[in-house]
Amino acid sequence: MHVVDWFIVAAYLLWIVYTGLKRTTGAGAVEGYFLANRSLPWWAVGLTVMATQMSAITLVGTTGQGYADGMRFVQFYFGLPIAMIILSLTLVPFFYHAKVYTAYEYLERRFDVRTRTLASLLFLLSRGLQAGVIIAAPAVILSIVLGFNLTLTIMAIGLSTTVYTMFGGVQAVTWTDVKQMVVIVAGMAAVAVALVFGLPDDVGIGEALHVAGATGRLATIDFEFNLNETYTFWSGLIGGLFLMLGYFGCDQSQVQRYLTAKSVDAGRYSLLMSAFVKIPLQALILLIGVLVFVFYLFHAPPMLFNPVHEAEVHASSRASEYAALDTEFQDALAARRTAAREAVAARRTGDAAAVATTEAAFVVRQQRLTAIRGRAVSLVKEVTQDDSYTDVNYVFPTFVTTELPVGLVGLMIAAILAAAMSSIAGELNSLSTSTVIDIYRRHLRADGTDQHYLRVSKIVTGFWGLFASIVAMYAANLGSLIEVVNRFGSFFYGSLLGVFILAVATRRATASGALWGLVGGMITVTYVALTSSISFLWLNVVGAIAVVVVGMIVSLPSSVQKPPLSWGQPTGS
Amino acid sequence: MSDSPSSVRAPGAPTAANPTRPITPIYVAVLLVEAVVLAALWSFSRYFGA
């Protein structure tokens, strides 16, 4: 990297850590440390909600997805606006008026301590590992693309975030997230502009998008109802609805965000900000991936975007095979470039038949190129013994570091770091909250002073930061672990949502019903996942329904009709 | 440290100082904006697509 880019990245890190540490004075008591004394404005909470959800994996993975597959992934978020409305009407006022620190604290009031403890332990396990993966993913990518030392990169991301989160609490998390969202959006906007200006002078952006559209990359909505297809309108609207309800309604890392708002309405507005903005923002990120594809129609991309694995193949006994593939790839590239220019020229004439013919020829060239890349990927898998190998996550970072001008490289690296650190900070703070409130105070020491719990909270935050950094170092070498951890989330959210549905929607559900419903839900989801090929988005629906059904059945023998629920009144089982 | 960090008012109902106001117009706006965005995405893919 150029020294200017190094300066930008270093300045960003120092600025963010300083911003976070400045907030230490606002974290003098536990309520200030975990909930900012419920004083934050809706727009700051709204930005931290978005920043917590958008990790570096979103930034590099989604752009890579756009490059390789197109914009279909945007359907994943179609259920989000409806989920935000439902949460604004139900759980946001419910949690806020219940005066809880954690979502799981409410479960004890409604059911019993077993349900609360099980839910919080599942959250701690899932989020604790996720925090490590969120550190590992960008660290691995940046270390490979830029040649950074992996351990130092993990420490730079993990420990710097831990420091300001540990001392500044949720105020530090929120106000750094606000600034990090600005960096992320500024970076993405600048890259989009650079991509448009990076096209050849004789190729317009509309013409280039038509060429990309010929490959299906600009298809956004698929109305087919197919349970096995991950990205359709229905899986996004229905499966995605359940996923978003579970994530934003039952995951402490998000629930804690809106509990810091200065009022119930501020909490609602913070979620509704995402309802307005999230789909257009994701569409922009995917479009940037498509624009990277368009850029490489007229400039030479590498055959594979992961230089480390490429070097391994070059050093192996199959180097000559790889070299032959690369020669074939270069020929196919040139042919595709010619075909793309012919398609652009045909569109300029307005002759529909010529457009159809040239675009069809371009698609054939693209398919040949894709086939050659597929053979190269297979070769890498055989040489490296890594069946999960894919270079999709390296496309955007490679583009950033090799094609963008000085200064913009630094800004985009800072944006990737911002996305990672904003997610990690929110997760560390919520992990600490649940550990101290749901486990330590509830089970180990109920009679401590506020200052005692504050001290413990900071230590626990530091512990989780260290834990996540260590997990990151192992996760960096276990590619499949990332997939396992991500899949665990899809087993968890739907089932936990089911528990909260039992808690809020009916008085008949008992504590035993909730507990066994949660167990039954997770078993059902596991069974369905292992024995069917339905998309993981639908597993959230399966989990929620299974929990409610099992929970109501278990509750039947002892359930008693009770008056309607009121805010936070202890009910017992 | 108490279970209810804000111990002055009883856990539960909205207060006069912090009422919950209906924000139905914003919910309607969310749904309308989503419909518009989806329509825009669909039109975009139809215009540029194969």
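This is a predicted model: local features need pLDDT of at least 70, side-chain atom pairs count only at pLDDT 80 or more; totals for chains, interfaces and linings use all residues.
## Domain layout

Let's start with the big picture. Chain A is split into two pieces: domain 1 covers 40-296 + 405-443 + 450-555, while domain 2 covers 307-385.

## Helix 1 against helix 18

Two packed helices are described by the angle between their axes and the distance between the axes. For helix 1 (residues 3-21) of chain A and helix 18 of chain A, those values are about 30° and 7 Å. Helix 1 of chain A and helix 18 of chain A therefore count as roughly parallel to each other, and their crossing is right-handed.

Who makes the contact? From helix 1 of chain A come A:Asp5, A:Ile8, A:Val9, A:Tyr12, A:Leu13 and A:Ile16. Helix 18 of chain A answers with a set including A:Leu408, A:Val409, A:Gly410, A:Leu411 and A:Met421. By class, the residues in the contact of helix 1 of chain A with helix 18 of chain A come out as 13 nonpolar, 1 polar and 1 charged.

## Helix 9 against helix 18

Helix 18 (residues 408-444) of chain A also packs with helix 9 (residues 150-197) of chain A: their axes come within 6 Å and cross at roughly 145°. Here the crossing is left-handed. The contact of helix 9 of chain A with helix 18 of chain A has 24 nonpolar, 10 polar and 1 charged residues.

## Helix 4 against helix 13

Next up are helix 4 (residues 56-68) of chain A and helix 13 (residues 264-298) of chain A, which pack at about 55° with their axes 7 Å apart. That angle makes helix 4 of chain A oblique to helix 13 of chain A. The crossing of this pair is right-handed.

On the helix 4 side, the contact residues are A:Thr58, A:Leu59, A:Thr62, A:Thr63, A:Gln65, A:Gly66 and A:Tyr67. They meet residues of helix 13 of chain A, among them A:Gln282, A:Ile285, A:Gly289, A:Phe293 and A:Tyr296. The contact of helix 4 of chain A with helix 13 of chain A divides into 9 nonpolar, 7 polar and no charged residues.

## Two positive phi values

Most residues other than glycine have a negative phi. A:Arg38 has a positive one, about 50°, although it is not a glycine. A:Arg38 is found in the loop between helix 2 (30-35) and helix 3 (42-53) of chain A. With a relative accessibility of 7%, A:Arg38 counts as buried.

A:Gln385 is also a non-glycine with a positive phi, of about 60°. Its place is the loop between helix 16 (352-384) and helix 17 (395-403) of chain A. Is A:Gln385 buried or exposed? At 67% relative accessibility, A:Gln385 counts as exposed.

## A look at A:Ala529

A:Ala529 belongs to helix 21 (residues 511-531) of chain A. Its relative accessibility is 28%, so A:Ala529 counts as partly exposed. Leaving aside residues up to four places away in sequence, A:Ala529 touches A:Phe491 and A:Leu539. As for A:Thr390, which is 139 residues away along the chain, its C-alpha atom is separated from that of A:Ala529 by 23 Å.

Key. Residues are numbered from 1 along each chain as its sequence is written. Chains are lettered from A and ligands numbered from 1 in the order in which they are written. Side-chain values use heavy atoms; hydrogens and water are left out. Axes are lines fitted to C-alpha atoms, for helices over the stretch in contact, and angles run from 0 to 180 degrees between N-to-C directions. Helices (H or I, at least four residues) and strands (E, at least two) are DSSP runs, numbered from the N terminus. Angles under 35 degrees count as roughly parallel, over 145 as roughly antiparallel, 65 to 115 as roughly perpendicular and the rest as oblique. A crossing is left-handed if the near helix is turned anticlockwise from the far one by less than a right angle, and right-handed if clockwise. Contact means heavy atoms within 4.5 Å. Ala, Val, Leu, Ile, Met, Phe, Trp, Tyr, Cys and Pro count as nonpolar, Asp, Glu, Lys and Arg as charged, and the others, Gly among them, as polar. Buried means under 20% relative accessible area, exposed over 50%, partly exposed in between (1.4 Å probe, protein chains only). Domain bounds come from an automatic or database domain assignment.
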